[in-house]
Amino acid sequence: MEERFSETDIYFMRQALKEARKGLGRTSPNPCVGTVIVNNGEIVARGHHKKAGEAHAEIIALIKAGDKARGADMYITLEPCNHTGRTGPCSRAVVESGIKNVRIGMLDPNPLVDGSGAHYLANAGIDVKAGLLEAECRQLNRPFLTYITKGRPWVVMKAGMTLDGKITLRENYGDVITGPESFRQVHTLRDRCDAILVGIDTVRIDNPSLTTRLVGRRGRNPVRVILDSNLKISPEVQVISQSRDGLTWIFCSQSVDFKKVELLKNSGVLVFQTSTEQSGRLDLKEVMMKLASRQITSVLVEGGAAVHGSFLKAGLVDHVKLFYAPVFGGDGGVNVIRDYRINGTDKDMIRLDHVKHRRFGEDLMISGDVVRKGPRH
């Protein structure tokens with residue numbers, strides 16, 4: 001539903017969005033939600049959802065507001081829940097508090113809610129309007145929306161490269177191409193994603209730790225997901241030997257040696273045996289479904305080139321973040337995408353929408369949502 005809103009409404013919803021962003025990377029599989037309560041034109045309480053299983057944003061704000069909630073306005077980025085899960089229904093708490101008006105950013109597509117929260121409030125005599133800054137509220141919760149509506153995680157493809165699209169300067173060697181500012185931004189991305197995914201070649205060549213390293217503050221390590229069809233991984237690599245720094249999950253084919261699987265399990269690694277395609281590569285859609293079944297709502301795909309190509313071919317990339325350094329790689333380098341072809345016409349090109357450009361030191365990041373194929377208009 002769409003409503004016309006005042007500048008005052010827009011201002012207070014932006015404050016609720018500011019609250020909601022405090023939960024980025026921490027609320028999975030729940031959405032990020034922010035609430036502000038306004039009485040006589042002043043914010044009397046703020047709240048955001050911090051973690052699944054803990055109080056929702058509305059409840060936190062209502063507790064802070066106390067008696068000041070009676071007759072007040074509530075601005076909330078996502079429709080209040082109307083069912084009992086790990087916590088009680090927020091819709092009832094809102095009614096009991098005496099809130100007079102509720103402005104909602106977006107309705108909740110979760111089948112357990114799906115408009116019922118807004119209807120409950122309206123039936124109780126509260127003036128309810130939804131759709132306030134809806135696009136911004138949806139943008140904030142892309143992982144949750146993908147998880148709920150598609151049954152898989154939201155996938156971000158990330159790469160650092162030269163101006164001519166090379167992620168390394170030589171085959172079978174890892175190279176640092178982008179600068180320290182881009183490095184810090186990448187680790188912010190890791191901090192906000194549930195999982196980070198790479199192929200076995202990246203593990204073999206770079207021996208990465210795949211942890212989050214933020215200057216001056218502690219970050220959250222994502223689950224490390226390794227695609228390794230034939231289970232070639234060595235127990236000595238960092239993603240296994242440094243188990244204290246996070247969980248490692250390996251996806252392999254159903255035909256691998258049972259002894260290899262048991263060896264890895266004894267090292268604290270979770271091994272998932274998955275179907276393969278005719279090419280021998282893992283069925284990525286099945287991989288994504290298995291991740292979703294374990295409440296992974298966002299995945300940062302860091303490569304390498306064949307993994308990027310496979311995800312694009314499977315239609316599983318939702319968002320792209322490409323970091324370009326002001327250098328050329330030349331013919332000896334490895335392209336950002338491998339084994340992915342189009343039919344050779346502009347109608348088959350993958351296009352990005354909501355494109356943004358940001359500078360990180362001397363590097364340029366281009367980001368956007370993968371929404372359609374076709375020529376540029």
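Student: What should I know before I start?

Tutor: The model is predicted: local features need pLDDT of at least 70, side-chain atom pairs count only at pLDDT 80 or more, and totals for chains, interfaces and linings use all residues. Residues are numbered from 1 along each chain as its sequence is written, and side-chain values use heavy atoms, without hydrogens and water.

Student: How many of the 377 residues of the chain count as buried?

Tutor: Buried means under 20% relative accessible area, with a 1.4 Å probe and protein chains only. Here 51% of the 377 residues qualify.

Student: Which residues touch the most other members in the largest nonpolar core?

Tutor: A nonpolar core is a set of buried Ala, Val, Leu, Ile, Met, Phe, Trp, Tyr and Cys residues joined through side-chain atoms within 4.5 Å. This core has 38 residues, and I37, Y75, V94, I99 and V102 touch the most other members. Helix 1 (residues 7-20) gives the most to this core, five residues. Helices are DSSP runs of H or I, at least four residues, numbered from the N terminus.

Student: What else is I37 in contact with?

Tutor: Contact means heavy atoms within 4.5 Å. Leaving aside neighbours within four places in sequence, the contacts of I37 include E42, A61, M74 and I99.

Student: Which residues does the second, separate core include?

Tutor: M161, V287, L322 and V336 are among its 31 residues.

Key
Buried < 20%, exposed > 50% of the residue type's maximum accessible area, 1.4 Å probe, protein only. Helix = DSSP H or I, 4+ residues; strand = E, 2+ residues; numbered from the N terminus.
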